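Subject: Structure for your files

Dear colleague,

Here is the structure you will need for your notes. My findings follow below it.

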Amino acid sequence: MASDLHHLEQDIWHDLQTALQEAEHPFRTGTLGTRGLDDFVALRTVVLRKVDADVRALWCHSDGRAAKVQELKHNPVVSWLFWDAERKIQLRLGGNATLHRQGEEVDRLWTETSRASRKDYLLPHAPATPLERPEAGTPAHLRGTLPSEEESEKGREHFVGIETRIQFIDWLQLSREGHRRAQFRYQNGEPHRQWVSP
Ligand SMILES: Cc1cc2nc3c(=O)[nH]c(=O)nc-3n(C[C@H](O)[C@H](O)[C@H](O)COP(=O)(O)O)c2cc1C
């Protein structure tokens, strides 16, 4: 039974890595939860950008001016949520986040970022800035088109990599045969793996 759990754990990390290669993979986007500055839980969709199973880390990237980045400076505790509707698998992961503005990893993430995504980092106003008109968030010359490679580089100053070191996984698979649920804890040394009641 313990070895089943070990295989399941390996499958979970493998699945997350596969999502990086497949745009349509259900784990390609996840819900990232932080503690909001107003004390409510804050949730948003993000694209999974890097998975490092060796150190059990999930990465996404964001605009350094975004609320989530400010929230993480106050409280680094985050949750990730994924749902695979076809295989009926829910994955919940929790851990601590580190913000990376500089460094090899974040440079690599930036290099891999398409011009379409870089465009988000070129917007003149910080996310959630009040606007007179909905279209006012995007400069006129960028509406309906992509920035040049050269212009896209200006977005780098706002680009932040968010690395979550995972400490806890809750895996749930729904099935007519009987739901199955497992938990994995990484806090102290050797992982603790446990089947639990769904
Ligand atoms: C499909 C989808 C993918 C998204 N991916 C990201 C992402 O990778 N990084 C990001 O910062 N925001 C992403 N967003 C936007 C966020 O959901 C959110 O609206 C924005 O980051 C502001 O969130 P905040 O105010 O909580 O920081 C995505 C939105 C959608 C709908």
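What percentage of the 198 residues in the chain do buried residues make up? The figure is 40%. Please keep in mind that this is a predicted model, and that every value here is computed from it.

Overall layout

The chain's secondary structure amounts to five helices and nine strands. Starting at the N terminus, the order of elements is α-β-β-β-β-α-β-β-α-α-α-β-β-β. The C-alpha trace spans about 60 × 35 × 35 Å along its principal axes. Of the contacts between residues at least 6 apart in sequence, 62% join residues at least 24 apart. The chain exposes about 11400 Å², and 49% of that is supplied by carbon and sulfur atoms.

The ligand

Nine residues are listed around the ligand by name: Arg44, Thr45, Val46, Val47, His61, Ser62, Ala66, Ala67 and Lys68. By class, this shell has four nonpolar, three polar and two charged residues. At least two shell residues come from each of β2 (41–47), β4 and α2 (67–74). The largest share, four residues, is that of β2.

- Arg44 has a polar side-chain atom 2.7 Å from an oxygen atom of the ligand.
- His61 has a polar backbone atom 2.8 Å from a nitrogen atom of the ligand.
- Ala67 has a backbone N or O atom 3.3 Å from an oxygen atom of the ligand.

The ligand taken alone exposes 620 Å², of which the protein buries 57%.

Helix α3

Which residues of α3 (residues 104–112) are buried? They are Val106, Leu109 and Trp110. These three lie on the same side of α3, because they cover an arc of only 100 degrees around the axis. The general rule behind such a pattern is that an α-helix has 3.6 residues a turn, so residues three or four places apart point the same way. Glu104 and Thr111, on the other side of α3, are exposed. The buried residues of α3 pack against several elements: β3 (50–52), β4 (57–63), β6 (89–100), α4 (115–118), α5 (149–152) and β7 (159–173).

Asp15

Asp15 sits in helix α1 (residues 2–21). Is this residue buried or exposed? Its relative accessible area is 15%, under the 20% cut-off, so Asp15 counts as buried. Its side chain makes a polar contact of 2.6 Å with the side chain of Arg87. With neighbours within four places in sequence left aside, Asp15 is in contact with His25, Phe27 and Arg87.

Lys88 is partly exposed, at a relative accessible area of 40%. Ala128 belongs to the loop between α4 and α5 and is exposed, with a relative accessible area of 81%.

Regards

Methods. Residues are numbered from 1 along each chain as its sequence is written. This is a predicted model: local features need pLDDT of at least 70, side-chain atom pairs count only at pLDDT 80 or more; totals for chains, interfaces and linings use all residues. Side-chain values use heavy atoms; hydrogens and water are left out. Buried means under 20% relative accessible area, exposed over 50%, partly exposed in between (1.4 Å probe, protein chains only). The arc is that of the directions from the helix axis to the C-beta atoms. Contact means heavy atoms within 4.5 Å. A residue is near a molecule or strand if one of its heavy atoms lies within 4 Å of it. A polar contact is a pair of N or O atoms within 3.5 Å; within protein, one must be able to donate a hydrogen and the other to accept it, and residues adjacent in sequence count only if both atoms are side-chain atoms. Accessible areas come from the Shrake-Rupley method with a 1.4 Å probe; for residues, only the protein chains shown count as cover. Ala, Val, Leu, Ile, Met, Phe, Trp, Tyr, Cys and Pro count as nonpolar, Asp, Glu, Lys and Arg as charged, and the others, Gly among them, as polar.
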